[in-house]
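Biologist: I would like a close look at one part of this model: its charged side-chain contacts. Please take me through them.

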Amino acid sequence: MIELRMKVMAEQLDESRSRMWRLLRTTYVTVVAQIEQDLEQAGLPPLIWYSVLWTLERAPQQELRLHELADAVFLSRSNITRLIDRLEAAGLLCRKRCPMDRRGAYAAITPEGLAMRQRMWAIYAEGIATYLTDHLSDEEVKVLESVFERALVTAQTLTHPIKDQ
């Protein structure tokens with residue numbers, strides 16, 4: 001059923017929408033690659049480190065269970081474990097045991113992690129502006145924000161439908 005629906009939808013995707021999708025993906029990949037290069041040239045860690053640090057900074061008590069962190073930054077549990085190992089070795093976060101579940105662990109951002117996230121943001125924000133937002137009018141930014149919010153809500157609703165209560 002799902003395969004049939006996807007085949008029908010793919011056939012209905014006109015050239016303009018298909019081109020828009022390719023441009024969106026290509027723009028995203030290109031901008032992120034350039035920002036990654038800028039971070040590396042500045043002697044800073046990769047962008048995924050920023051995502052983890054930003055997510056932890058905004059979490060309650062600035063800590064999250066590892067599986068929650070993995071979900072928030074779109075990584076598998078095995079990949080988040082390896083990444084957490086590197087961030088912990090760099091002193092940017094620490095692991096805490098879960099008092100309710102001895103098998104569970106939290107990742108918590110350290111003061112060094114907070115400082116690193118701020119240093120990275122300076123380069124990241126400059127990259128976002130240089131490679132994307134400086135080339136958009138205020139009106140275009142508002143339109144894109146609205147479009148992406150609507151698309152995200154739609155995708156999340158289709159992925160995780162709300163159950164009847």
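Is R17 buried, partly exposed or exposed, and what is its relative accessibility? Please go on from there to the salt bridges.

Modeller: This is a predicted model. R17 counts as partly exposed, because its relative accessibility is 48%, and the cut-off for exposed is over 50%. Its side chain meets that of D14 in a salt bridge, with N to O at 2.7 Å. D14 is partly exposed too, at 32% relative accessibility.

That is one bridge. A search of the whole structure finds seven salt bridges.

Next, take E57 and R117. Their closest N and O atoms are 2.5 Å apart, and the two form a salt bridge. E57 sits in helix α3 (residues 47-58) and R117 in helix α6 (residues 111-131), so this pair ties together parts that are 60 residues apart in sequence. R117 counts as buried, with 8% relative accessibility. The cut-off for buried is under 20%. E57, at 22%, counts as partly exposed.

Now R95 and D85. Their side chains meet in a salt bridge at 2.0 Å, N to O. Here a strand is tied to a helix: R95 belongs to strand β2 (residues 93-97) and D85 to helix α5 (residues 77-89), so the linked parts are 10 residues apart in sequence. R95 has 29% relative accessibility and counts as partly exposed. D85 is partly exposed as well, at 39%.

Back to E57 and R117. Salt bridges with shared partners join these two and R58 into one network.

Terms used: Residues numbered from 1 in each chain as written. Predicted model: local features only at pLDDT ≥ 70, side-chain atom pairs only at ≥ 80, totals over all residues. Heavy atoms only, no water. Salt bridge = Lys/Arg side-chain N within 4 Å of Asp/Glu carboxyl O. Buried < 20%, exposed > 50% of the residue type's maximum accessible area, 1.4 Å probe, protein only. Helix = DSSP H or I, 4+ residues; strand = E, 2+ residues; numbered from the N terminus.
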